[in-house]
Amino acid sequence: MALQWKIKSFDNLSVHELYDLLRLRSEIFVVEQNCVYLDLDGKDKVALHLFGEFEGKIVAHARLFKPGITFDNSSIGRVTVDANYRDRKWGHDLMREAIAGIKCYFGESQITIGAQLYLKKFYESHGFVQTSEMYLEDDIPHIEMIKS
């Protein structure tokens, strides 16, 4: 069974959708990765929120940004898939939807991301190329990558 994809601005998210998105991100970035950091960075209000639902539950999410918010180019961030569903390879579907969303909503084809280093090959499979040396963000190795 496939995911049902939605893209919404912050103001159009229901309270329940917002709660579920934030819970999913907290489960992944804080609990699973054992990283204490402030997820609520103020950018949710200016992002488009792409999320996938399966049987009424949000199991995948990414934020889409127009140029100039996070990087000079459009960008994708907070890419998350519920750990219980990763065996279905929905992360690849999420990235395809995110790239298409950037093109559709912002008319952009060049996309920059700040990727966790261990996911380099995953992002390369979607056309991203490493453009920076490794840097630490919240004590997790990251690299900047661009898709043209």
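Figure 1. The side chains of Glu124 and Lys120 meet in a salt bridge, with 3.7 Å from N to O; the term denotes a side-chain nitrogen of Lys or Arg within 4 Å of a carboxyl oxygen of Asp or Glu. Both Glu124 and Lys120 belong to helix 3, where four residues, about one turn of the helix, separate them. Helices (H or I, at least four residues) and strands (E, at least two) are DSSP runs, numbered from the N terminus. Glu124 is partly exposed, with a relative accessible area of 33%, and Lys120 is likewise partly exposed, at 26%. Here buried means under 20% relative accessible area, exposed means over 50%, and partly exposed lies in between (1.4 Å probe, protein chains only). The model is predicted: local features need pLDDT of at least 70 and side-chain atom pairs count only at pLDDT 80 or more, whereas totals for chains, interfaces and linings use all residues. Residues are numbered from 1 along each chain as its sequence is written, and side-chain values use heavy atoms, with hydrogens and water left out.

**Figure 2. Salt bridges around Asp41.** Arg63 forms a salt bridge with Asp41, the closest N and O atoms being 2.9 Å apart. Arg63 lies in strand 3 and Asp41 in the loop between helix 1 and strand 2 (48-54), so this pair ties together parts that are 22 residues apart in sequence. Arg63 is buried, with a relative accessible area of 2%, while Asp41 is partly exposed, at 32%. Asp41 also forms a salt bridge with Arg78, where the closest N and O atoms are 3.3 Å apart. This second pair links distant parts of the chain, since Arg78 is in strand 4 and Asp41 in the loop between helix 1 and strand 2, 37 residues apart. Arg78 counts as buried, at 17% relative accessibility.

**Figure 3. The largest pocket.** About 850 Å³ of space lies in the largest pocket. Of the 38 residues that line this pocket, the closest to its centre are Phe29, Arg78, Val79, Gln116 and Tyr123. Strand 4 gives the most to the lining, with seven residues. By class, the lining has 19 nonpolar, ten polar and nine charged residues. Ala, Val, Leu, Ile, Met, Phe, Trp, Tyr, Cys and Pro count as nonpolar, Asp, Glu, Lys and Arg as charged, and the others, Gly among them, as polar. On a 1 Å grid over the protein atoms alone, a pocket is an open set of points where a 1.4 Å probe fits, with protein on both sides within 12 Å along at least five of seven lines; lining residues have an atom within 4 Å of a point. A volume is the space filled by probe spheres set on the points, which are joined across faces, edges and corners.

**Figure 4. A nonpolar surface patch.** Leu117, Met134 and Leu136 make a nonpolar surface patch of about 280 Å². Patches consist of residues with over 30% relative accessible area and no salt bridge, nonpolar side chains (Val, Leu, Ile, Met, Phe, Trp, Tyr) being joined within 5 Å and like charges within 9 Å. Accessible areas come from the Shrake-Rupley method with a 1.4 Å probe, and for residues only the protein chains shown count as cover. Met134 is found in the loop between strand 6 (129-130) and strand 7 (135-137). Met134 is partly exposed, with a relative accessible area of 46%.

**Figure 5. Arg96 and His126.** Arg96 has its place in helix 2 and is partly exposed, with a relative accessible area of 47%. The C-alpha atoms of Arg96 and His126 are separated by 7.6 Å, and the two residues are 30 residues apart along the chain.
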